[in-house]
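I went through the model looking for what sits against what.

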Amino acid sequence: MSVDRARIESLTRELLEAIGEDPDRPGLRQTPARVAELYAEFFAGVGEDAAAPLERTISVTRGPAPDTLPSGAVLLRDIRFRSVCEHHLLPFAGRAHLAYLPGEQVVGLGALVRVVEILAARPQVQERLGEQIADTIAENLDTRGVLVVLDASHGCVTMRGGRQPEASTLTIAARGVYEDSIARAELIALIGSSAGAAS
């Protein structure tokens, strides 16, 4: 589904008038078109199939280099993402860390990034975003376990209300073997070491 840019432009003009501004003054003349362009980008994932990037898989045992493919978890850390909170339409952004324990099939790492990008590009809440990423991977790949950790800063916390600019929110979604806290402890430690190195 594509964003209706003309309607967004019209509504943005109306919003500017509603807050007491003149949408025809020089600084605001292009704002409706800019907002329409912004929303087309921010909400490009609405109606897009998040599982589509996972359709091309590689066999672990019959692939091009079976001796180099993982016998343990695949962990992709520090995927930068941004989304828009559906409660106030303010942005939230951070890092996603994804792990899965392959069965017979693995997938290109870029496909995992696309899953995050598609699901983040719609009105969201962080808790649901993590669960949707975990479900998409668990339901569309041959996995024995999936772990998704999101660490994000929210505009509705940093810019309004309590105005806590240093606050971040951490959420965890687990499927399969990683629903057991002992099984996911090693991955959580590896993700934590990444965060420590980045700071």
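I looked up Phe81 and skipped its neighbours within four places in sequence. Phe81 is in contact (heavy atoms within 4.5 Å) with Phe92, Ala93, Gly94, Arg95, Ala96, Val116, Ala120, Leu129, Leu150 and Ala152.

The model is predicted: local features need pLDDT of at least 70, side-chain atom pairs count only at pLDDT 80 or more, and totals for chains, interfaces and linings use all residues. Residues are numbered from 1 along each chain as its sequence is written, and side-chain values use heavy atoms, with hydrogens and water left out.

Next I checked the nonpolar cores (buried Ala, Val, Leu, Ile, Met, Phe, Trp, Tyr and Cys joined through side-chain atoms within 4.5 Å; buried is under 20% relative accessible area, 1.4 Å probe, protein chains only). The largest has 33 residues, and Phe81, Leu98, Tyr100 and Ile133 have the most contacts inside it. Elements giving it two or more residues include strand E2 (74-85), strand E3 (91-102) and helix H3 (109-120). Helices (H or I, at least four residues) and strands (E, at least two) are DSSP runs, numbered from the N terminus. H3 gives the largest share of this core, 7 residues. A second, separate core of 8 residues includes Ala99, Leu147, Val149 and Ile191.

Then I turned to E3. Of its 12 residues, 9 are buried, so E3 is largely enclosed by the rest of the structure. Pairing takes at least two DSSP bridges between two strands. E2 and E3 run antiparallel, joined by 9 bridges; Arg82 has Ala93 in E3 as its bridge partner. Their hairpin has 5 residues between the strands, and Leu89 takes a positive phi near 55° there. E3 also pairs with E6, antiparallel, over 11 bridges. I noted Gly145 in E6 as the bridge partner of Leu101.

How values were computed:
Buried means under 20% relative accessible area, exposed over 50%, partly exposed in between (1.4 Å probe, protein chains only).
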